[in-house]
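Below are some notes on the model, for checking against the coordinates.

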Amino acid sequence: MKQGFICTAAAIILCGSCLAVSDDLMRAFDKALSDPDISVCWDAAAPLWGRAQMEGFFANYKEPSNLLTLLVDRVLEKRIDIEDADRMVEKRFQSMQYFMDQIAFFEAVARTNVCFLKLADYLATENVIPLTNWTERAKLAREKDEALIAAGVIKRPIVIIGTYPRTPNRRALWDERDRITHCNNRVIYHRSRVADIFAKRMEEYLHSLNEEEAEAFCKRFIKRAGLTEAEEDLFFPERAKKKPKKQGIGAQQEEHIDDDISTPTPDVKEIEQEEPIPKEALEQLQGKRRCL
């Protein structure tokens, strides 16, 4: 009787000690994930994963845990400024994908739609920058440059080398479009990686619903996350297989962007009327050589 009491007391003390350590580890994770910069969170949390595994946080990944809840809440509330010019943007995307891999490791993610709805909200904000009113802006930039040329502030470029605009307003618009395109390419790749990470868990969740409920959730997620058709197919591959195949090209064309931004001079007629290109320069551009 006395020996049994001692064993029970020892077990209670040991259990209490483990719980205390776990609480301490949770506080450490909470602190590591508190910084708004996800890359800083990555650096702070990286040493904690081995300790979490030793303390049994991953012993039962099929059931919800405090660590999973903490990861979902803290990670999916972060946002990445894609227009940030520093070199840390790539690391921020990698850090976010790293934490998402940790979240998707838990099968318990597919028990409810809580994580997926927070993921949809994250994707809705980490989206591409639209090139709105670009044709009008290109036309306005050209008009401003023509006004500068007419006023004698700048000279009209005579020889065109490449496609980069030589006049200030069109050059500034070109640089802006180039920056936006670079940012958008980053985001498109990141969103496809997120889809790859969560597609399996999303499929598991949909299998827990009936067909009508599953389709309703797919539509809700697509709208809430602002998915493109290609991203829909990545998140819901089984649903994509059921879509009717498109006939012909069938792809929607992107909004036409006025190529005038890459043309630093007006059209040929305007050049002939205002300041014709010297014949020698024109022949060199056409690959001809004058015989001397």
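1. A nonpolar core is a set of buried Ala, Val, Leu, Ile, Met, Phe, Trp, Tyr and Cys residues joined through side-chain atoms within 4.5 Å. In this predicted model, the largest such core has 64 residues, and Leu-119, Phe-198, Phe-221 and Phe-235 have the most contacts inside it. Helix 8, residues 168–207, gives the most to this core, with eleven residues.

2. Leaving out residues up to four places away in sequence, Leu-119 touches Leu-76, Met-100, Val-194, Phe-198, Phe-221 and Phe-235.

3. Helix 8 has 40 residues, which at 1.5 Å a residue should span 58 Å; its end C-alpha atoms are 57 Å apart, in agreement with that value. Helix 8 also bends, by about 45° at Phe-198. Phe-198 is among the residues with the most contacts inside the largest nonpolar core.

4. How many disulfides does the structure hold? The number is zero. Cys-41 counts as buried because its relative accessibility is 0%, under the 20% cut-off. Cys-183 is buried as well, at 4% relative accessibility.

5. Cys-218 is found in helix 9, residues 211–225. Its relative accessible area is 3%, so Cys-218 is buried. Not counting residues up to four places away in sequence, Cys-218 touches Leu-206, Phe-236 and Arg-239. From Cys-218 to Met-202 the C-alpha distance is 9.5 Å, with the two 16 residues apart in sequence.

6. Asn-133 deserves a look at its backbone. Its phi is positive, about 55°, although Asn-133 is not a glycine. Asn-133 is found in the loop between helix 6 (114–125) and helix 7 (134–150).

7. The count of aromatic pairs comes to 16. One of them is the tilted pair of Tyr-61 and Phe-105, at 5.0 Å centre to centre and 45° between the planes. Tyr-61 lies in the loop between helix 3 (48–54) and helix 4 (66–75), and Phe-105 in helix 5 (residues 89–105), so the pair ties together parts that are 44 residues apart in sequence. Tyr-61 is partly exposed at 29% relative accessibility, and Phe-105 is partly exposed with a relative accessible area of 37%.

8. Phe-235 and Phe-236 form a tilted aromatic pair, with 6.2 Å between centres and 45° between the planes. Are Phe-235 and Phe-236 buried or exposed? Both are buried.

9. One aromatic cluster is formed by Phe-29, Trp-42, Trp-49, Phe-58, Tyr-61, Tyr-98, Phe-99, Phe-105 and Phe-106.

How values were computed
Residues numbered from 1 in each chain as written. Predicted model: local features only at pLDDT ≥ 70, side-chain atom pairs only at ≥ 80, totals over all residues. Heavy atoms only, no water. Disulfide = S-S within 2.5 Å. Buried < 20%, exposed > 50% of the residue type's maximum accessible area, 1.4 Å probe, protein only. Helix = DSSP H or I, 4+ residues; strand = E, 2+ residues; numbered from the N terminus. Contact = heavy atoms within 4.5 Å. Expected span 1.5 Å × (residues − 1). Bend = angle between axes of the 7 residues up to and from the residue. Phe/Tyr/Trp six-rings, centres within 6.5 Å; stacked < 30°, edge-to-face > 60°.
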